[in-house]
Amino acid sequence: MATEILVPQLGNEVTEAEVTEWVASAGDDVAAGEVVVVISTTKAALEIEAPCDGKLAEIRIGEGELTEVGAVLGVIE
Amino acid sequence: MPKNLQINPEQTYSTDMVRFTDIPVHAYEGDIAAERARWGDAVLCEALRHMLVIREFESMLHAFKSTGAYRGIDYVYKGPAHLSVGQEAAAVGSAMALGPQDQIFGSHRSHGEIIAKGLAAAAAIDPDSLQSIMEVHGDGQLLDLVTTHVGDAGGAVAEAFLLTGVLAEIFMRDAGFNRGMGGSMHAFFTPFGAYPNNAIVGGSSGIAVGAALRAHLSGSGAVCVANLGDGSTGCGLIWESMNFAAMGQFRQLWQPPFNQNPPVLFCFTNNFYAMGGQTRGETMSWDRLSRIGAGISPAQLHAETVDGSNPLAVADAVSRKAELLRSGQGPALLDIECYRYSGHSTTDTNAYRSRDEMKAWQAHDPIARYRHRLVEAGIIGETAADDMVAAVQSQIEAVTRAVVDRQNAPAVDIAANPTIIGEMTFNGEEIGTGDRADDLLADPADIGAMKSIARKARFGVDEDGSTLSPMRAITLRDALSEAILHHLVHDQSLIAYGEECRDWGGAFGVHRGFADIIPYHRLFNAPISEAAIVSTAVGYALAGGRALIELMYADFIGRAGDEIFNQLAKWQAMSAGELRLPVVLRASVGSKYGAQHSQDWTSLVTHVPGLRVVYPATPNDAKGLMATALSGNDPTMVFESQRLYDRVEIFEADGVPPDYFRIPFGEAAPRRAGDDVTILTIGPSLYPALDAAGELSAHGIEADIIDARTLVPFDYDTVLASVARTGRLMIVSEAVERSSFANTIAANVTRLAFGDLKAAPIVLGAPNWIAPGADMEDTYAPQPHDICDAVFGSFFAEKRVNRRGLRDWDIAGMAKRGI
């Protein structure tokens, strides 16, 4: 089963975020709660945790790319 | 906050006791043979002489204040005289234990302390250096006065120099140590290790901590002593300062060799009275002052109570504490008990203490007791001691005669140069930025936050004219970050601190990523101690460092009021330019959080002379003005609007330059050209003014918009040139209108350009009441429609359109109701 890693709601005024760093690489095994990717807004950086155990099957938004709240950053299988 | 210091719940909730150790009270045993072996007889005799010098010096001041004469010299002295008769052993004992490089910071009652420190330093500094110090100071004016008019009767030249410099300062003469700009309560002379005395009770506490931090980081080896009174233990700043000096992070988070607390001694000369309030038993809770050390740190600040009537007991205690401090185990606290025979000031009638009490303490006169001890031990004979008293009297008389004479020792010539005092406010110096510091933790280019900024567009407007989002173009926040980081990376004397300054990246993200680049000892989280944040920065800077500090909200200026208004703003001028205070104080002006978090207090700060005041509104200005602030040697307050942190650059077509640059202070920026009305904006009001200009233009009115950028210094020329064309001036700011700096500008423009004006200038600010919550905020900060209403209503009545704002007030009627 595939689980998406999403850009969370970051406050009611924030719509965009940037992927600062992928801590995990595609193909890595990851555990629920482990930080897999760091994103940042204009004001702060935020660590995003893996929502479940599994393999990071796909990175959809690469480092340095801008994205929006609710977008899929990557997929865990 | 730091992730490497974890708060363990099991440990937190385990049963335990908080333990204290005993605090010694008068433990000194006083073996005179051991003291002779330690100091030598000559030093022990000098201690007596130094106490006599202080007593005679202050007796002279008392005589002038009470009778207008001293030893046949008539003089009316109008200034203050807070004398320390009875406290001489504390000053002299402490000076015996300190070296010339050690620094003392005093109070309003510190004549004795600077004389004792100066006499000890003059004896310890080699003759060539001493001569050079005296020749260099004030271009030799003081030394000339000493050699020409004091002469041999003043004793050794260095002593006469010291006493003349102090007395001329007290008598407000040009030859005084600070050209008379400090006077009795602020006299000091840093080459002898006597740093500023402070007329604000407790004011020296944080300054000494900051100077100690500078000594620690620069490796000078100096110990810093905050000489405070017992009354200061009732002041918030001393508690903030003691905690600041004892913070756990110094030992737990700072990297070697900086992992030690700053070497500061809180030295309380406890004379039992805070003016007339009796500290022990009446106004304070501590019973023994030394008890307060136990409340601050596990080491209890190494607190002790010491007999302040015995110079050798004091010297012993200060020596032991200085040794602890030099080995990094500070801070420390001494409670030095001694009795002030003199009144608080010369108008004191002793209404608060009994004759019996005063009489009982006469038996503990430090000078009589110490002289008796020396005579008893055969260290000095009665005749020699009498001769010593006579010689000291002659010395003070000779110095006094020279200083009293206004021909020989005039005050600064204000008649010839009416702005001479004003010229001492700022030095106008700018430093260059050097090579990259060698203490960086990483290359900034490798840090995520910096990479994010590097990827952004430098100009905030797209080719199709649309404004870019703050994720896509450099913001005002990013621009501040670039300027600050450049200075932190290239100026190793610069430290930055404030609440949430490190791991969090600053409450508003300006320091984001810095924690990965700048080591702990140059970027750290401060406690929520706004007074200590500013006070320590003052001390750090006047001791030779540079500081960037942050008050999270401008509303917290109140918490640091004395430190901003009486310390940061004053010491350059009170030292006649001797001291430099390169301190940049950032303060953000909030929004959405209501009355205590949304105030533009620029006018409070412009009202107190001594601070440069900057309020950038664009990313380009934020970067260039911050760079100028950080490269200057004058204290500067930079206001930042929280509403503008995400603003992108829309004015400079080339965008915010990626390289370092500075924008000079005192140059207003024209932002829109027009010939019908000048709209001068302060801070974020620029943007509603631009919006208003669009609407005004639709009615055939072209606004000439000028962004003030800096309030101190202020650029009248640009405004006057615009008013000469338009004949109409509106000033828009978010400060409340009553006593706003905008009114000062309006008044001055009216005076300077009355003939050009077609109507009286209008000041549009916030109304004279609290900032309401987020949903009501647009009724408070001037909006575009408020600006249009005022321009139509006051300047172009013939084009009057329906008012859209609420501001149609009866100003005089409201004033009568106090609003």
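Tutor: Contact means heavy atoms within 4.5 Å. This is a predicted model, where local features need pLDDT of at least 70, side-chain atom pairs count only at pLDDT 80 or more, and totals for chains, interfaces and linings use all residues. Residues are numbered from 1 along each chain as its sequence is written, chains are lettered from A and ligands numbered from 1 in the order in which they are written, and side-chain values use heavy atoms, with hydrogens and water left out.

Student: Okay, what share of the contacts in chain A between residues at least 6 apart join residues at least 24 apart?

Tutor: That share is 54%.

Student: And how many helices and strands does chain A have?

Tutor: Zero helices and eight strands. Helices (H or I, at least four residues) and strands (E, at least two) are DSSP runs, numbered from the N terminus.

Student: What makes chain A as compact as a globular protein of that length?

Tutor: Its radius of gyration, taken over C-alpha atoms, is 12 Å, close to the 11 Å that the globule rule gives for 77 residues, so chain A passes as that compact. The rule is 2.2 Å times the number of residues to the power 0.38.

Student: Over in chain B, why does Asp439(B) count as buried?

Tutor: Buried means under 20% relative accessible area, exposed over 50%, partly exposed in between (1.4 Å probe, protein chains only). Asp439(B) has 14%, so it counts as buried.

Student: Which side chain makes a polar contact with the side chain of Asp439(B)?

Tutor: That of Arg522(B), at 2.8 Å. A polar contact is a pair of N or O atoms within 3.5 Å; within protein, one must be able to donate a hydrogen and the other to accept it, and residues adjacent in sequence count only if both atoms are side-chain atoms.
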